[in-house]
Amino acid sequence: MKPRITRRDHGLQSMITDCPNKYLNTYFCGQNVGIMSRNKLQKFAEVRSFPNVYENFHPMIPELRGENAEIVEMKGKWAEKHFGNQHPITLELACGRGEYTLQLARKYPERNFIGVDIKGSRIHQGATIAIEEGLTNVAFLRMKIEKINNFIAQDEISEIWITFPDPFLRESKSNRRLTSPRFLDSYKNLLVENGIIQLKTDSPELYAYTHEVLTEYPGVRLLYDNDDIYAQALDFPDLEFKTYYEKKHLLDGRTIKYVRFSLDRI
Ligand SMILES: C[S@@+](CC[C@H](N)C(=O)[O-])C[C@H]1O[C@@H](n2cnc3c(N)ncnc32)[C@H](O)[C@@H]1O
């Protein structure tokens, strides 16, 4: 029997238990998720009950859902409503399983961290670890980064890490690269004055592209640049943290590049 799926079935639990098939072709919460494994659907349902995960179900609807899919208003209120303190907030964009977010959060309990990614099953892993370890300075945001200004206010962020983002090698997709001018416009708005942006990548193409953009973009202050960070002792200890993708790239013999810059509002 086919499961009855409503467009706004936030629980999903009944659907998962009732459905006899391993794979489900479904449409929920405004997103066509196509063919999805039972395991992934289970994670989607679970993540919805997590107190440290917020989701934007549809990029065209500027609405954020928190624990148990309750609509929440977080823009400008992350410190007060989620973290309960005024500590500076670091964003990790394209966080995947959130390794950087978790490692930084363990090292800096006096700072707050938000990992952002579109993939719910990856966020599920990071958020589970944060809950298990009692890392109250960590939150995750599942959404398209293109829409980040809908949910984070001007000057709300002190630092951004972009960790091994997809390089989108085809020229026609260059505006999806997370260091393209339209993303820099958006970061400039989120960041406090002198807030820093840090890119770690294995991709020579993305690294070269980022250089081109930073040369042209107004108000860039390049603070540090290294095309092979492990060739000598690390200049910043936080660079030692490794994500899932970084470990894979290192096994493949790829070199890791790092750029650190800030954007003046001019
Ligand atoms: C290559 S993975 C890197 C993940 C993690 N940082 C790591 O190093 O293991 C790139 C991640 O970026 C996410 N991503 C790419 N474009 C995105 C976008 N526009 N909005 C949100 N997430 C995005 C993907 O879902 C994926 O998890």
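Student: What makes β11 and β12 a pair?
Tutor: Two strands pair if DSSP finds at least two bridges between them. Strand β11 (residues 220-226) and β12 are joined by 6 bridges in the antiparallel sense, so they pass that test. One place to look is arginine 221, which stands opposite serine 262 in β12. Keep in mind that this is a predicted model: local features need pLDDT of at least 70, side-chain atom pairs count only at pLDDT 80 or more, and totals for chains, interfaces and linings use all residues. Residues are numbered from 1 along each chain as its sequence is written.

Student: What else pairs with β12?
Tutor: Strand β10 does: 6 bridges join β10 to β12 (residues 257-263), and the two run antiparallel. Among the partners, threonine 201 meets lysine 257 of β12, and leucine 199 meets valine 259.

Student: Which way does β10 run relative to β9?
Tutor: Parallel, with 6 bridges between β9 and strand β10 (residues 191-201). Tryptophan 161 stands opposite glutamine 198 in β10. From β9, the chain goes through helix α6 (residues 181-190) to β10, and this β-α-β crossover is right-handed.

Student: Why is that crossover called right-handed?
Tutor: Point the strands away from you: the crossover is right-handed if the path from the first strand over the helix to the second runs clockwise.

Student: Why is leucine 263 called buried?
Tutor: A residue is buried if 20 or more other C-beta atoms lie within 10 Å of its own, exposed if 12 or fewer, and partly exposed in between, with C-beta atoms placed from the backbone. Leucine 263 has 22 C-beta neighbours inside 10 Å, so it counts as buried. This leucine lies in strand β12.

Student: Which residues does leucine 263 touch?
Tutor: Leaving out residues up to four places away in sequence, Leu184, Tyr187, Lys188, Leu191, Gly219 and Val220. Touching is contact here: two residues qualify if their C-beta atoms, placed from the backbone, lie within 7 Å.

Student: Why does alanine 69 count as partly exposed?
Tutor: Alanine 69 has 17 C-beta neighbours inside 10 Å, which puts it in the in-between class. It lies in the loop between β4 (64-65) and β5 (71-72). Phi of alanine 69 is near 60 degrees, a positive value in a residue other than glycine.

Student: Where is aspartate 155, and what is its phi?
Tutor: Aspartate 155 lies in the loop between β8 and β9. Its phi is positive, about 65 degrees, although it is not a glycine. With 13 other C-beta atoms within 10 Å, aspartate 155 is partly exposed.

Student: How do the residues of the shell around the ligand divide?
Tutor: Into 8 nonpolar, 3 polar and 7 charged. Ala, Val, Leu, Ile, Met, Phe, Trp, Tyr, Cys and Pro count as nonpolar, Asp, Glu, Lys and Arg as charged, and the others, Gly among them, as polar. In total 18 residues surround the ligand, and the closest are Ala94, Gly96, Phe164, Thr243 and Tyr245.

Student: What is the mean pLDDT of the protein?
Tutor: The mean is 89, and 86% of the residues reach 70 or more; pLDDT is the predictor's confidence in each residue, from 0 to 100. Over residues 1-32 the pLDDT is below 50, and this stretch has 46 contacts in the model beyond near neighbours in sequence.

Conventions. Helices (H or I, at least four residues) and strands (E, at least two) are DSSP runs, numbered from the N terminus. A residue is near a molecule or strand if its C-beta atom, placed from the backbone, lies within 6 Å of it.
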